[in-house]
Amino acid sequence: MANLEIFRKTLGSMGVNCYILVNHDTDECIVFDPGDELGTLTEIFSDPAFNLKAIFLTHGHFDHIGAVNGLKEKFGVPVYASRIEDEKILSNPSINLSSMFGFPVTVHADELLEDGQELEIIGAKIKCILTPGHTSGGMCFYIPEMESLIAGDTLFCESVGRTDFPTGSGAEIERSIREKLYVLPDNTKVFPGHMDTTTIEWEKKHNYACPA
Ligand SMILES: [Zn+2]
């Protein structure tokens with residue numbers, strides 16, 4: 001089994017949780033949602049113990065993608081995101097809300113992911129779970145050997161992501177969470193895009209916005 005660890009770095013004025021998955025055997029890592037603070041992230045990935053191999057995006061909202069283009073340029077790594085998110089949200093500054101905040105940005109994904117796809121990278125297996133609702137192409141990433149889920153803005157500790165942005169849907173986010181996340185093992189650790197870490201078991205009991 002690979003010697004894997006997840007680090008959290010909370011970035012920017014929106015307090016986005018960026019996660020770094022490291023394989024300590026190889027000193028390789030991947031980053032999820034590098035939303036802001038390119039300088040801070042560049043410093044981390046310049047450390048030989050954090051050799052960046054890829055960028056993964058849970059969804060395309062501006063607060064999750066702010067440092068993507070800079071990291072791509074600096075480290076020459078590919079961006080992984082769901083095909084739907086790439087088409088509809090990453091490529092559109094009004095839908096990804098960056099225009100509204102005065103810094104229009106678009107991101108191009110190099111690897112387009114589908115629901116249920118499994119991939120192996122830096123010695124870790126990752127399962128892609130499409131969870132429409134917060135955005136139509138939002139994706140969670142499940143790492144079975146760590147019993148861990150990178151959840152983006154789909155599932156929060158005792159709450160769920162907003163569904164009033166373009167392509168959002170309240171009915172869909174509930175269906176995604178019940179049918180695709182609450183079926184994961186109870187002890188799965190959930191790493192959300194904002195606020196505290198939680199578990200699937202805790203959310204099934206205490207999530208007021210999406211009861212099991
Ligand atoms: Zn979002």
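Predicted model: local features only at pLDDT ≥ 70, side-chain atom pairs only at ≥ 80, totals over all residues.
Take the E14 end. Strand E13 (residues 189–192) runs antiparallel to E14, and 2 bridges join the two. Look at Val190 for one of the residues involved: its bridge partner in E14 is Thr198.

## The nonpolar core

Now for the inside. The largest nonpolar core holds 53 residues, and Cys140 and Phe141 have the most contacts within it. In soluble globular proteins, nonpolar side chains do tend to be buried together.

What does Cys140 contact once its neighbours within four places in sequence are left aside? The list runs to Thr58, Ile129, Thr131, Leu149, Ile150, Ala151, Gly152, Thr154 and Leu181.

## Two positive phi values

Most residues other than glycine have a negative phi, so a couple of spots here deserve a look. Asp27 has a phi near 60° and lies in the loop between strand E2 (16–23) and strand E3 (28–32). Asp27 counts as partly exposed because it has 13 C-beta neighbours inside 10 Å.

Leu97 isn't a glycine either, yet its phi is positive, at about 70°. You'll find Leu97 in the loop between helix H4 (83–90) and strand E6 (111–113). With 19 other C-beta atoms within 10 Å, Leu97 is partly exposed; a residue needs 20 or more to be called buried.

Notes: Residues numbered from 1 in each chain as written. Core = buried A, V, L, I, M, F, W, Y, C linked by C-beta atoms within 7 Å. Buried ≥ 20, exposed ≤ 12 C-beta atoms within 10 Å, placed from the backbone. Contact = placed C-beta atoms within 7 Å. Helix = DSSP H or I, 4+ residues; strand = E, 2+ residues; numbered from the N terminus. Pairing = 2+ DSSP bridges.
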